[in-house]
Amino acid sequence: MPDWLLHDRTLLWLAAAAYGLACVWRLPELRKAQAVSSLGPLACLAVGFAAQTFGLYLRGLKTGGCPIGNVFEVIQFVGWTAMAIVLVVGPAFRLSLLGFFTAGFAFLVSFASLLIPALDPEKAARLKLPPLVELHAATALFSYGFFAVLALCSAMWLVEEFGLKHRRLNRVYSLLPPLVETDRMNRRLLLAGFTTLTLSYALITARFLQAPDSVAPLKIAFSWAVWLAYAGIILAYLTNRLLARRFAWA
């Protein structure tokens, strides 16, 4: 294998290109509302995910830790987690278009981060984190991947609900999964993301109690505001106060 192909940024460029190709492959399906062979797009997603995984792995070896030391790596990691989630749960729920939208999301964030060198300065001091803090950060970013896919899946639900309400039942609407199936996916993604985020906060609580000055008060306030917001959505759903359309919007 040539040395240039083993460079982490080369692999991340390859991943972005594969995600973009998967989206382009799906465009005729969206324009004509006719299902096309899923083998090609799925192969592109698999190649892109493998390239991004190996690229982040090489970046981790080079930096000596989880590749979340700067903005570039954080963006790449969130895109990777979103694709990992969809590749695992998407086929199980037959949400083929969820893969299309998530591939578009992964392509946009990956391509944009690669185009901006300032996000990944080679000579800048990297953020060195203790193992527990690094695990906390990685777990939090994985929860953001769940929430990103949740937002895309909720958008799918709202688009289909709008089509049914206004009797637009042709073209792209015919390719969307049933509303009940999408709603079920939304609930599971919300619970998975919230559980992962809660685990992330639990991992860092002991360190924060030992050294409260190590974290900025504004960051603590914002983090717990996010946690409370998702906890409120779950509570409202369980008490039947937030269902269907309002749940998707939330």
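User: How many helices and how many strands does the protein chain hold?

Analyst: The model is predicted, and local features in it need pLDDT of at least 70. From the N terminus on, the elements run α-α-α-α-α-α-α-α. The secondary structure therefore counts, with helices and strands taken as DSSP runs, as eight helices and zero strands.

User: What percentage of the contacts with a separation of 6 or more joins residues 24 or more positions apart?

Analyst: A contact here requires heavy atoms within 4.5 Å. Among contacts in the protein chain with a separation of 6 or more, the share from residues 24 or more positions apart is 77%.

User: How far from Cys 23 is the nearest cysteine sulfur?

Analyst: A disulfide needs two cysteine sulfur atoms within 2.5 Å, and the structure holds zero disulfides. Cys 23 is accordingly in no disulfide, and the nearest cysteine sulfur, that of Cys 44, lies at 9.6 Å.

User: Is Cys 23 buried or exposed, and which class does Cys 66 fall in?

Analyst: Cys 23 has a relative accessible area of 12%, so it is buried. Cys 66 has a relative accessibility of 22%, so its class is partly exposed.

User: Which residues form a nonpolar patch on the surface with about 350 Å² of accessible area together?

Analyst: Residues of a patch need over 30% relative accessible area. Trp 13, found in helix α1 (residues 8-32), is partly exposed because its relative accessible area is 34%. The patch consists of Trp 13, Phe 111, Leu 115 and Ile 116.

User: How many residues apart are Asp 8 and Lys 62?

Analyst: Asp 8 forms a salt bridge with Lys 62, and the closest N and O atoms are 3.0 Å apart. The pair links distant parts of the chain, with Asp 8 in helix α1 and Lys 62 in helix α2 (residues 39-63), and the two are 54 residues apart.

User: Where does Asp 120, the salt-bridge partner of Arg 9, lie?

Analyst: The side chains of Arg 9 and Asp 120 meet in a salt bridge of 2.9 Å, N to O. Arg 9 belongs to helix α1, 111 residues from Asp 120, which lies in the loop between α4 (96-115) and α5 (131-165).

User: Which residues are linked in a network of salt bridges?

Analyst: The count in the structure comes to seven salt bridges. Two of the pairs described above, Asp 8 with Lys 62 and Arg 9 with Asp 120, have their residues in this network. Its members are Asp 8, Arg 9, Arg 59, Lys 62, Glu 73 and Asp 120.

User: What separates Arg 187 and Asp 183 in helix α6?

Analyst: Their side chains meet in a salt bridge (3.3 Å, N to O). Arg 187 is partly exposed at 26% relative accessibility, whereas Asp 183 is buried at 15%. Because the two are four residues apart in helix α6 (residues 179-210), the separation is about one helical turn.

Key
Residues numbered from 1 in each chain as written. Predicted model: local features only at pLDDT ≥ 70, side-chain atom pairs only at ≥ 80, totals over all residues. Heavy atoms only, no water. Buried < 20%, exposed > 50% of the residue type's maximum accessible area, 1.4 Å probe, protein only. Patch = residues over 30% accessible without salt bridge, like charges linked within 9 Å, V, L, I, M, F, W, Y side chains within 5 Å. Areas by Shrake-Rupley, 256 points an atom, 1.4 Å probe, with all protein chains shown as cover. Salt bridge = Lys/Arg side-chain N within 4 Å of Asp/Glu carboxyl O.
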